[in-house]
Amino acid sequence: MPNLSYDFYSPSQITFGWGRQSELSSIVAQYGRRAFLVSGSRTLEASGQLDKLIDQVKSEGCDFKQVTTISHEPEVVDVDNLVADLVRRGAGSGDCLVAIGGGSAIDLAKAAAALVTNRESSTVKDYLEGVGAGLTIDEPPIPLIAIPTTAGTGTEATKNAVISSYDPAFKKSLRSPMMIPDAVLIDPELSVGLSPETTAHTGMDAITQLLESLISNRAQPIPQALCLHGLTLAIPAIIEAVENGTSRPAREAMAHAALLSGLALANSGLGMVHGVAAALGVHASVPHGLACAVMLPQALRVNRDAGRATLAQAGRVMRQSLVDSNLSELSAREMANMASLGSDDAATEFVIQIVEHLCERIEIPITLTKLGVTRDQIPAIVASSHGNSMSGNPKEISDEELTTLLEAMTA
Ligand SMILES: [Zn+2]
């Protein structure tokens, strides 16, 4: 039973729907006379779609300028440079930021929006959890409008930005409830051009977030309801989204599931998959969604006892969604081969089996070796896994247990 005493945070405005990118200018007009654009989508830039969006906003009389493009997970230096640039441009009251792209662009913009108004240090490092000077975000950031073009991280709905460094190596969060974007515009049509690989990795990130938030030891009733609904959308749709990227129902389902995963994790936290995924990103440069996908089946096995009753509930709604959906191509025979759902044990086993099946179909490797991880990296990966995410894991996992598990995945 989740805790019935809680706080629930979310963006104040969510605009969701196919083709609703055309409403960007009216949303921007609510938040600023001048808007700075952070772009993370080379696909949108190359197709000319980004220019169209810029022209649309400008045609409404707003001063709209692209200030940066980012194509990698944001690092301390990226945030510091963008903040310095925005300060030079006099960014402040009456201005807003617009981020279009995947998690990298949105996280960069979230961090920059916060640090433009919090100037106690000139480097974001001093505000990150667990490293730096322990400074906090005390002043409200400038308004931020987030437009995700991938269906995965859910960062458009969360209160943290993940910032990396490679020397010294860390991947840490800048966090404040004030950092939740003010407005979110999700147009699933913007994700149509994503490659099958990115669709697979970001989609598995969303599914991981839904499952981890659902069974987190900080689980709450509203996020749990969102997680169960999100799973009924994403589980039947992910293969179709990967294999047929222009499928509108599949893209809509994945975009909606990703948003729900963000709303859930912002309020309930995550678990060991995200703890280890952050470490795999830092020490082996494994992309976030791929790291999550590889770790998810293992983590479900670790957590099956601690999360059994809730995972069983998820297993039952997931199975029903597969039966009801016309997106899923799982045959009756494949379904029948999976465990019957008579007991909580069996329904939990179904969750694990379906996740493993999806991973296999969308070509997610099952070993860390396939991701280029070597055994000698494991001590550093284990040491870096214990952040905020790991603290939400329903089962406490010791360094020895984690080492054994990761070694088995590099055999
Ligand atoms: Zn994630």
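Is Arg316 buried, exposed or partly exposed? I looked it up: Arg316 has 35% relative accessibility, so it counts as partly exposed (buried is under 20% relative accessible area, exposed over 50%, partly exposed in between, with a 1.4 Å probe and protein chains only).

Note on what I'm working from: this is a predicted model, where local features need pLDDT of at least 70, side-chain atom pairs count only at pLDDT 80 or more, and totals for chains, interfaces and linings use all residues. Residues are numbered from 1 along each chain as its sequence is written, and side-chain values use heavy atoms, with hydrogens and water left out.

Next, the salt bridges (a side-chain nitrogen of Lys or Arg within 4 Å of a carboxyl oxygen of Asp or Glu). I get 16 of them in the structure.

Arg316 pairs with Asp344, closest N and O atoms 3.1 Å apart. Asp344 sits in helix 13 and Arg316 in helix 11, so the bridge ties together parts 28 residues apart in sequence (helices are DSSP runs of H or I, at least four residues, numbered from the N terminus). Asp344 is partly exposed too, at 33%.

Then I checked Arg304 and Glu349: their side chains meet in a salt bridge at 2.9 Å, N to O. Arg304 is in the loop between helix 10 (288-303) and helix 11 (308-324), while Glu349 is in helix 13, 45 residues apart. I find both Arg304 and Glu349 buried. Shared partners join Arg301, Arg304, Glu349 and Glu356 into one salt-bridge network.

Last entry: Arg361 bridges to Glu243 at 2.6 Å, N to O. Arg361 belongs to helix 13 (residues 344-361) and Glu243 to helix 7 (residues 221-243), 118 residues apart. Arg361 comes out partly exposed at 28%.

Terms used
Helices (H or I, at least four residues) and strands (E, at least two) are DSSP runs, numbered from the N terminus.
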